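Here are a few exercises on strands and how they pair.

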Amino acid sequence: MRIDAGGKQCPIPVIMAKKELEAGEQDVEIIVDGQTQIDNLTRLGDALGRPATSEPCGDKFLVKFANGETKKGAVVAESNSYAVFFNKDSIGTNEGELGQNLAKMAIFTLSESDNIPSYVLFMNEGVKLVTGVEPQIVENLNTLIEKGTKVLVCGTCLNFYGLTDDLKVGTVSNMYDILGAMQEVSKVIKL
């Protein structure tokens, strides 16, 4: 089955592919526009036990999922797991220097903690924090990644702010993966 998702932003290609894979379809292929969609579909394939490969297809790309049984089932949250969610590039109501310093210190504190988050998630203006404007944030997020934290960054938000090429740390992701991460953990802390 071939799905044409050309021109569709994530998470739409992911949702389209997931629907067919979970219905038990074999020979699932999906046409997408670029690397972000390929990366998101590859993560989906890995999560469902149906690894994906990609190849050029004209001016687009064709992602093919391996045949086999699709893993199903609800994700059960670990009782002590948590995610930290940044939807702004500052903490609190002060959007200036104080709020940005608080965000920097929060990420530093997380990187020094023995109880690290499963995920650190960035959406909306929060994506500005991962562009290297403040090198200490990038360094501390890399420390968290080395300790096992997954850092997911909204690709649509990066595109909106014209920051796609400025990303210094984290995985370009989508609404599907970010909401899935929130559902996987036992609590989400919004800063």
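**Exercise 1.** What is the order of the strands in the open sheet of 5 strands, and is the pairing parallel or antiparallel?

*Solution.* A note before starting: this is a predicted model, where local features need pLDDT of at least 70, side-chain atom pairs count only at pLDDT 80 or more, and totals for chains, interfaces and linings use all residues. Residues are numbered from 1 along each chain as its sequence is written, and side-chain values use heavy atoms, without hydrogens and water.

Step 1: strands are DSSP runs of E of at least two residues, and helices runs of H or I of at least four, numbered from the N terminus. Two strands pair if DSSP finds at least two bridges between them.

Step 2: reading across gives β8-β7-β6-β5-β9, with parallel pairing. At the edges lie β8 (171–173) and β9 (187–190), each pairing on one side only.

Step 3: look inside the sheet, where β5 (residues 82–86) and β6 (residues 119–122) share 4 bridges; Val84 has Val120 as its bridge partner in β6.

**Exercise 2.** Are Glu29 and Ile31 of β2 buried or exposed?

*Solution.* Glu29 and Ile31 on one side are buried (under 20% relative accessible area; exposed is over 50%, partly exposed in between, with a 1.4 Å probe and protein chains only).
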